[in-house]
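Hi there,

Here is the structure I promised to pass along. Have a look at it first, and then read on for what turned up.

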Amino acid sequence: IAQTIQQVQRHRGLSAGVLGGVQELGSLRDAKMREADAAFAKVESRLTEGVGLLPHWKSLSNEWQKIRADGLSWSRQDNFDAHTKLIDGLLAFESDVADDYGLTTDFGLETFYLTYTSSDTLLGAIEHLGQIRAYGTGVLASRRVSTMQREELVGQITLLENSLKPLKASLEKASRYNPELDESLQATYRDIELSSRQVVEAVHEEIFSGRYSMSAEEYFAKT
């Protein structure tokens with residue numbers, strides 16, 4: 001499920017660039033769309049009727065099919081909103097799967113904190129990062145930012161920055177109960193923190209300053 005979320009997040013950013021006027025991102029968007037198709041199909045193949053989650057997944061899959069079929073006929077904001085709504089649904093679905101399979105209640109604290117970190121705080125921080133990536137890609141593609149878009153970016157940056165502290169705390173707890181994973185968990189936080197710093201710096205230096213020296217393709221690749 002996490003891979004599906006990641007593919008949809010990146011498809012959102014590439015779609016923002018295409019709708020902003022950078023048609024060169026179209027081939028990358030098409031490739032990412034195929035990867036997302038495969039991710040949706042893989043999850044569905046592993047769900048069974050007895051679990052009770054299949055209808056919910058099919059509903060999310062239908063949302064994805066509408067985005068992939070019609071998304072480029074929408075405004076950039078409507079496209080962004082539809083992707084974000086789907087991602088919110090996927091995040092909620094992952095939480096439901098964890099509950100349904102007892103991952104959040106049936107085991108010890110070591111499993112609880114690992115599950116909580118992966119399905120809540122970590123994916124939440126990555127989604128804030130993904131929203132800034134998509135929004136920034138669209139702005140750099142069009143080479144202009146409205147007051148509303150600037151305010152939206154400021155809000156997204158605040159949410160990202162506010163998500164890092166609880167992420168660090170939950171990773172530290174997960175590490176405490178899973179000492180063998182300490183190094184990899186610390187590396188995960190360093191990667192998220194570095195990516196966050198890079199994307200925020202890019203927004204300030206390229207968009208808020210009005211410089212626009214970085215292309216949408218470069219920004220998307222960097223973030």
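Let me start with the second largest pocket, whose lining has 7 nonpolar, 2 polar and 2 charged residues. Please keep in mind that the model is predicted. The space in this second largest pocket comes to about 220 Å³. It is lined by 11 residues, and those closest to its centre are Ile-1, Ala-2, Lys-42, Val-43 and Arg-46. Helices α1 and α2 (26-46) each give at least two residues to the lining of the second largest pocket, and α2 gives the most, with 4 residues.

Now for the largest pocket, which holds about 270 Å³ of space. Its lining is made of 14 residues, with Gln-6, Gln-9, Ile-126, Arg-133 and Ile-192 closest to the centre. Three helices each supply at least two residues of the lining of the largest pocket: α1 (2-19), α5 (109-142) and α7 (182-208). Sorted by class, the lining of the largest pocket has 5 nonpolar, 6 polar and 3 charged residues.

Gln-9, in helix α1, is among the residues closest to the centre of the largest pocket. Is Gln-9 buried or exposed? Its relative accessibility is 4%, so Gln-9 counts as buried, the cut-off for buried being under 20%. The side chain of Gln-9 makes a polar contact of 2.8 Å with the side chain of Glu-127. Beyond its neighbours within four places in sequence, Gln-9 is in contact with Ile-87, Ile-126, Glu-127 and Arg-133. Two of those partners, Ile-126 and Arg-133, are also listed among the residues closest to the centre of the largest pocket.

Of the 223 residues in the protein, 46% are buried. Among contacts between residues at least 6 apart in sequence, 76% join residues at least 24 apart.

How far apart should the ends of its 31 residues be? At 1.5 Å a residue, α6 should span 45 Å, and its end C-alpha atoms are 46 Å apart, which agrees. The buried residues of α6 include Gln-149, Leu-153, Gln-156, Ile-157, Leu-160, Ser-163, Leu-164 and Leu-167. Further along α6, Ser-170, Leu-171, Ala-174 and Ser-175 are buried too. As background, an α-helix has 3.6 residues a turn, so residues three or four places apart point the same way.

Finally, two loop residues to check by eye. Arg-143 lies in the loop between α5 and α6, and its phi is near 60°, a positive value in a residue other than glycine. Tyr-212, in the loop between α7 and α8 (216-222), also has a positive phi, near 55°.

Enjoy looking through it!

Best wishes

Technical notes. Residues numbered from 1 in each chain as written. Predicted model: local features only at pLDDT ≥ 70, side-chain atom pairs only at ≥ 80, totals over all residues. Heavy atoms only, no water. 1 Å grid on protein atoms, 1.4 Å probe; cavity = no way out; pocket = protein on both sides within 12 Å on 5 of 7 lines; lining within 4 Å. Points joined across faces, edges and corners; volume = space filled by probe spheres on them. Nonpolar A, V, L, I, M, F, W, Y, C, P; charged D, E, K, R; others polar. Expected span 1.5 Å × (residues − 1). Buried < 20%, exposed > 50% of the residue type's maximum accessible area, 1.4 Å probe, protein only. Polar contact = N/O pair within 3.5 Å; in protein donor to acceptor, adjacent residues only side chain to side chain. Contact = heavy atoms within 4.5 Å.
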